[in-house]
Amino acid sequence: MLYASLVESSHRALATPDIVIIGFYFALVFGIGMYFARRERTSEDYFLAGRNVGWFFIGASLFVSNISTEHFIGLSGTGASSGLAVGHFEWLACLILLMLGWVFVPFYLRSNVFTMPEFLERRFNRQSAVYLAGMSIIAYIFTKISVQLYAASVVLERVAGWKLWETAVVLVIATGIYTVAGGLAAVIYTDTVQTLILITGAVALTVIGLIRVGGLAHLRTMVPPDYFHMIKPASDPNFPWTGIFFGAPILGIWYWCTDQVIVQRVLSARDEGHAKAGTIFAGFLKILPVFMLVLPGIIAKALFRDQLKSPDFAYPTLVLNLLPVGLVGLVMAALLAAVMGAMSSVFNSASTLVTLDFYKKLRPQVSERELVNFGRIATGIMVVLGLLWVPFIHYISSQLYIYLQSVQAYISPPIAACFVLGILWPRLNGAGAITSLLSGFGLGAARFILELADRAGAHRFESRIARWCVAADRLRARFGALHPGSARQDASLRVRRGALADRHEFPALRHLHVRGLLRCARWRQPVASCTRPQEARRSDLRNRRR
């Protein structure tokens, strides 16, 4: 998918106004980061921005934490090769974000947790928390940081001629400085600036492209008719409607509702209302990528059909051929904002997991100052790991990129099942949760190994069952799970077999379910009252009525 760096291509020298705009962007981001680094901090201040962030900043941070340079390359490239259908995954996120705000956020905020593994520990057991924390950290290092660096280096080398490894080093160090110093507050408020710059630059390119092509109506005559069909038949090899409606929501729930990078933003809200409003705002922002990232790919296909040696050249080709001096710098700043915003979110969330789910458990009496200092050290370690990826960026190919992204589709179904069923069904226990996670991981790993072996052996499996397992690819498209497989079904089955909830170190969440929360909302009771035994709650209710 992302192999633009393998092809010799021309680039465009940056003019003085472009360099000034990029310099202003860096100065603004560093100014915000250093401002929050000067403030005295507790662990809540550093990891959750003091739980005092407003809805606008939450929504903007949710958006830019999701959008990175691989979206600029991947979405526009897919738009150039197959049309708008890939936008399903962006619009589906609008609905999943509402689910985050109205189904998951009440449980997360009222349980007063810092991380998603901590929530699983309170709801189930420590083993489930360790599994989720470990898998998340590994996934951040091997899938998010590597791909973000590769995509950013490719597009910046293509547009401005910046050397790939030098670009990667500068981006990692620049992002690491304000992330280490300022914590989540610096990340969220710089994300807001980066969101505004990203949207402005991308929308400017889309508008100029539409003007150049003669408008949307004329554009539809220059490309195949199915480019503007959002619903594809079930036989479509890339975007079958069955996978879009039945498979993609699984990956969406895991990513938007249970991933630490995303949920950490809503955990920092000053109250539940701001958290919900932030998810609504982010949902509206997720409407935009179809028009400012996918549509430019179609425009590039119509205008520069002969110049596109690969669909992944679509966005850089528009920047090189359409933008005047000044706007090139603005779009470059938007690309930098995308990758720095996404990387800072990963650095901060990974350090939060390491500090609170491992270090604090090993040293429960540690002071607030030591937690903050260790959090900064952990963030620095994540930055170093990002730098260690730089020498290997040249070896990342389109096939490896797809494999790295496939890992997420294989590990996400059991995690999503544990969170959804754990919230909606109070009878689930810790044994069922960890069984679901491990069995789902085993089935996903087996499925992944079968796929690799089949491709390496030129489709050597002749058994119908083996062929079906290999063909049921949940990641046929570039950004989403398309075919739900047996991992999710087994995970759900394992969880449903759970008996009564275990009594463990954190019994408070055993009774924290939907009916209890609705009862608390009705009587304006604190969440602690929802976790009391049923007879005690009934007694309180009778006293109130008297």
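**Close-up views of a predicted model**

**View 1. The crossing of helices α11 and α12.** The axes of helix α11 (residues 248-258) and helix α12 (residues 260-267) approach within 5 Å and cross at roughly 45°. On the α11 side, the contact involves Tyr255, Trp256, Cys257 and Thr258. These residues of α11 meet Gln260, Ile262 and Val263 in α12. As in the other views, the coordinates shown belong to a predicted model.

View 2. Trp91, Leu95, Leu98, Trp102, Val103, Ile280, Phe284, Ile287, Phe291 and Leu424 together make a nonpolar surface patch of about 920 Å². Helices α5 (88-110) and α13 (272-285) each supply at least two residues of this patch. The most is given by α5, which contributes five residues. Trp102, one of the patch residues, is placed in helix α5. Trp102 counts as partly exposed because its relative accessibility is 44%, a value between the limits of 20% for buried and 50% for exposed.

View 3. Ala49 lies in the loop that runs between α2 (43-48) and α3 (55-66). Although Ala49 is not a glycine, its phi is positive, at about 55°. With a relative accessible area of 13%, Ala49 is buried. Arg51 also lies in the loop between α2 and α3. The phi of Arg51, likewise a residue other than glycine, is positive and near 50°. Arg51 is buried, its relative accessible area being 14%.

Methods: Residues numbered from 1 in each chain as written. Predicted model: local features only at pLDDT ≥ 70, side-chain atom pairs only at ≥ 80, totals over all residues. Heavy atoms only, no water. Patch = residues over 30% accessible without salt bridge, like charges linked within 9 Å, V, L, I, M, F, W, Y side chains within 5 Å. Areas by Shrake-Rupley, 256 points an atom, 1.4 Å probe, with all protein chains shown as cover. Salt bridge = Lys/Arg side-chain N within 4 Å of Asp/Glu carboxyl O. Helix = DSSP H or I, 4+ residues; strand = E, 2+ residues; numbered from the N terminus. Buried < 20%, exposed > 50% of the residue type's maximum accessible area, 1.4 Å probe, protein only. Axes fitted to C-alpha atoms, helices over the stretch in contact; angles between N-to-C directions. Contact = heavy atoms within 4.5 Å.
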